[in-house]
Amino acid sequence: MIKSAHTVRTFLFANKHIHQDKIKTSEFQLMNQYPMTAKGADMLRAELNELKSVKRPQIIQAIAEAREHGDLKENAEYHAAREQQSFCEGRIQDIEGKLSNAQIIDVTKMTNNGKVIFGTTVTILNLNTEEETTYKIVGDDEADIKSNMISVNSPIARGLIGKEIDDIVNIQTPSGSVEFEIIEVEYI
């Protein structure tokens with residue numbers, strides 16, 4: 001990453017080395033891709049719509065009411081509303097950025113070849129405890145361990161990606177190394 005306008009660095013970009021001399025950070029930015037399921041993208045769009053059409057107007061109204069109370073320096077309601085506004089606007093920018101760089105993957109439209117990929121639902125067997133667990137591998141924003149939806153960046157998902165049915169996978173967990181057998185891979 002370029003830290004100043006006068007930094008000289010060599011970057012690996014599109015499989016070519018590019019020597020950047022005296023360029024501004026805003027002129028040279030690499031785009032991040034955010035993998036997500038179609039359902040995850042829909043959830044983010046719904047949250048964005050809620051923030052823009054409901055939450056933002058409520059906050060604007062709260063700021064207007066707090067201003068009417070007078071002195072803004074010691075007005076706790078005003079400062080609380082401004083803090084909410086800052087959080088809301090930050091979240092809107094975050095969601096818009098993720099959606100604009102989203103790589104939406106719909107596994108239901110792919111042929112199930114038994115390979116674990118992003119978006120698949122995987123049933124694994126812990127070979128130490130004989131406990132069977134089913135996980136769906138999703139994007140970071142969709143992850144919810146209570147619903148057995150794990151992030152593609154989690155240690156378990158990283159260990160499973162690319163493997164196939166009946167493969168034995170050794171995954172490092174906080175409690176040590178655990179062996180799992182892939183029992184079923186569903187593209188649902």
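1. A word on the model first. It is predicted, with local features needing pLDDT of at least 70 and side-chain atom pairs counting only at pLDDT 80 or more, while totals for chains, interfaces and linings use all residues. Residues are numbered from 1 along each chain as its sequence is written, and side-chain values use heavy atoms, leaving out hydrogens and water.

2. Now the sheet. Five strands form an open sheet in the order 7-6-5-9-8, with mixed pairing. Strands here are DSSP E runs of at least two residues, and helices are H or I runs of at least four, numbered from the N terminus; two strands pair if DSSP finds at least two bridges between them. Strand 5 (residues 121-126) and strand 9 (residues 176-186) run antiparallel, joined by six bridges.

3. Next, T120. This residue lies in the loop between strand 4 (102-105) and strand 5. T120 counts as buried because its relative accessibility is 0% (buried means under 20% relative accessible area, exposed over 50%, partly exposed in between, with a 1.4 Å probe and protein chains only). Leaving out residues up to four places away in sequence, T120 touches V107, K115, Y135, K136, I137, V185, E186 and Y187 (contact means heavy atoms within 4.5 Å).

4. Finally, L160. Setting aside neighbours within four places in sequence, L160 is in contact with V116, V122, I124, V169, I171 and I182.
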